[in-house]
Amino acid sequence: MTAQDEAAGTTVSRPPDIKAVPVRHPGRWVAVAIIAVIVAMMVHTAVFARVKRGNSLQTRFGWGVVGDYLFARPILQGVLTTLELTAIGMAIGIVGGILLAVMRLSVNPVLSGVSWVYLWFFRGTPLLVQLAFWYSGISYLYPQLSLGVPFGPEVTHFSANNLIVPMVAACIGLGFNEAAYMAEIVRAGILSVEEGQMEAASSLGMNRALTMRRVILPQAMRVIIPPTGNEVISMLKNTSLAYIAAVGELYFAQYIIAARTYQIVPMLLVACIWYLAMTSVLMVGQYYIERHYARGAVRQMPPTPWQKFRGLVRRRPPTPAEIAVDAGADLPTWHGVQGGQH
Amino acid sequence: MTGTPMVLAENIHKSFGALHVLRGIDLRVEPGQVMVLVGPSGSGKTTFLRCINHLEKINAGRLSVDGELVGYRERGGRLHEMRDSEVCRKRAEIGMVFQHFNLFPHMTALQNIMEAPTRVKKVRKDEVRAAAQRLLAQVGLSDRADHYPSQLSGGQKQRVAIARALAMNPKLMLFDEPTSALDPELVGEVLDVMKQLARDGMTMVVVTHEMGFAREVGDEVVFMDGGLVVESGNPREVLTNPQHERTKAFLSKVL
């Protein structure tokens, strides 16, 4: 018998495990054969097939060129700019989103109305158009930006062309657009917190701002974090639209090289490889953050990819004990956000 | 006794839309008194309790706590709504304990108790910590200071909630069915804390279904039904020898 039974000191007589002939699935083998042929064709055309271009024989996808440019300086510069735009855009988006969500839930009808109109506009128009607007529209409409008393004397003025440089336009455009989406995520998080929390804080004499900051938002985080991870991945990809504002991010960087060398497909592949690498890292991060925040809310943790892989190799699902062992010190008793029992 | 009553309610009315929940409540709670509100659900006990610290606004009548109107200021014969900051200041003087505890789940027991004194009253943190530890000892939970609410039993949660309310040094404590969400075997530990509080002279208004508590601790029991006070008086008399049919019918079911 198993070690557990011995440890428990039980002598329950247990019949042997059932050994039955499993059901055969011939259809699966047909499907496997068809898919194998298709995959082989794809691998062949993508990796091994060679075509004559100019007077040299190259792989069809131009992997040699991809290799030449994958770590080229302008491309790396573009990757860095993409990451910068993602970080700044998300920062503006998160702060703006919290502000808009709080406004939307305000008892003041003017504030909630303003928030609604903001959402209506920024979710209702394409990001590409918004970016173009921030880049060229502002300096077209207001060549001179001035600081002063409304309708009164002006204190100082700047040229919009100097102020709205590409990077600033892109950050504002991406951030303001993101704020509209983050607002809805934050609002859902705030609404997920029990009303009793608000009442308890009120009865202790805490005002609305203090209650929001100390009681409501910390609890809303469990609901806010997972979709925010999605938003970060979306933002990373959306930075490619900043090429319209002439920002030298990854897409723009590869485009310049492609335009000069005519290596259009290899350069797009370079961009794809970098985008995939960055989103993969973010996805892994997101998976573990979500897993972390699910603690206490779900009874049994979903297996990590490594646990799934080992389960596959063993051809049977891992037992809870194995999952616990795999997770090791990674599974302390959860005492962060709410146990979820009540 | 003719001093300022702690709570004075005169002809209180409250409606939620078309629902007329309170239909003329007159009550008087003296300082140091324990008043127990009983009655069937929907009778308006909880609503009345929530009016006392202005979690609900009354529609008509006069309601004052310690001689001052709740939620309004009287100037030149007219009522002026209080600003939010004033309402908060008034609420800080009234402790409230809820049926579902409403502890902050992301804070430990000690942090729950310390939150309001440090953030609202802005008392120095080491002073607050010492006071919070004394309060935890008072409710018998010194060894649970660093536990999160999810790691506490229902009775322990409610005792922390009482300590949290007491940390603001309230002059009045409101209890809204404090034991209704508890397993029967955990009710006693919460009632014990409340009894001790009553013996220490705290003014309390308690909505409860615990008739034993009403009889033992209550100075006055008030039976409410349909948004009105049906009968009130000494708990021993009202609970053992009710005068009204409605009270008799209710008590025959709960006792």
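Is B:Glu115 buried or exposed? Select B:Glu115 in this predicted model: the residue is buried, with a relative accessible area of 3%. A:Arg214 sits in helix H10 (residues 208-238) of chain A and B:Glu115 in helix H3 (residues 109-119) of chain B, so the pair joins two chains. A:Arg214 is partly exposed, at 24% relative accessibility.

Stay in chain B and display the open sheet, where four strands run in the order S2-S1-S4-S5 with antiparallel pairing. Strands S2 (19-29) and S5 (68-69) of chain B are at the edges, each with a single partner strand, so one side of each has no neighbour in the sheet. Strand S4 (residues 60-65) of chain B pairs with S5(B) over two bridges; to find one, select B:Ser64 and its bridge partner B:Leu69. Helix H1(B) packs on this sheet, touching S1 (7-16), S2 and S4 of chain B, and its direction makes about 65° with that of S2(B).

Next, pick B:Lys45 in helix H1 (residues 45-52) of chain B. B:Lys45 is buried but has no salt bridge; the nearest side chain of opposite charge, B:Glu177, is 4.4 Å away. Other residues that B:Lys45 touches include B:Val207, B:His209 and B:Met224.

Move to B:Lys171 and B:Glu93, which form a salt bridge with closest N and O atoms 3.1 Å apart. Both lie in loops of chain B, and the pair ties together parts that are 78 residues apart in sequence.

Finish in chain A by selecting A:Arg104, A:Glu184 and A:Arg187, which are linked in a network of salt bridges.

Definitions and conventions:
Residues numbered from 1 in each chain as written. Chains lettered and ligands numbered in written order. Predicted model: local features only at pLDDT ≥ 70, side-chain atom pairs only at ≥ 80, totals over all residues. Heavy atoms only, no water. Buried < 20%, exposed > 50% of the residue type's maximum accessible area, 1.4 Å probe, protein only. Lys, Arg positive; Asp, Glu negative; His and termini not counted. Salt bridge = Lys/Arg side-chain N within 4 Å of Asp/Glu carboxyl O. Contact = heavy atoms within 4.5 Å. Pairing = 2+ DSSP bridges. Axes fitted to C-alpha atoms, helices over the stretch in contact; angles between N-to-C directions. Lists of a residue's contacts leave out its neighbours within four places in sequence.
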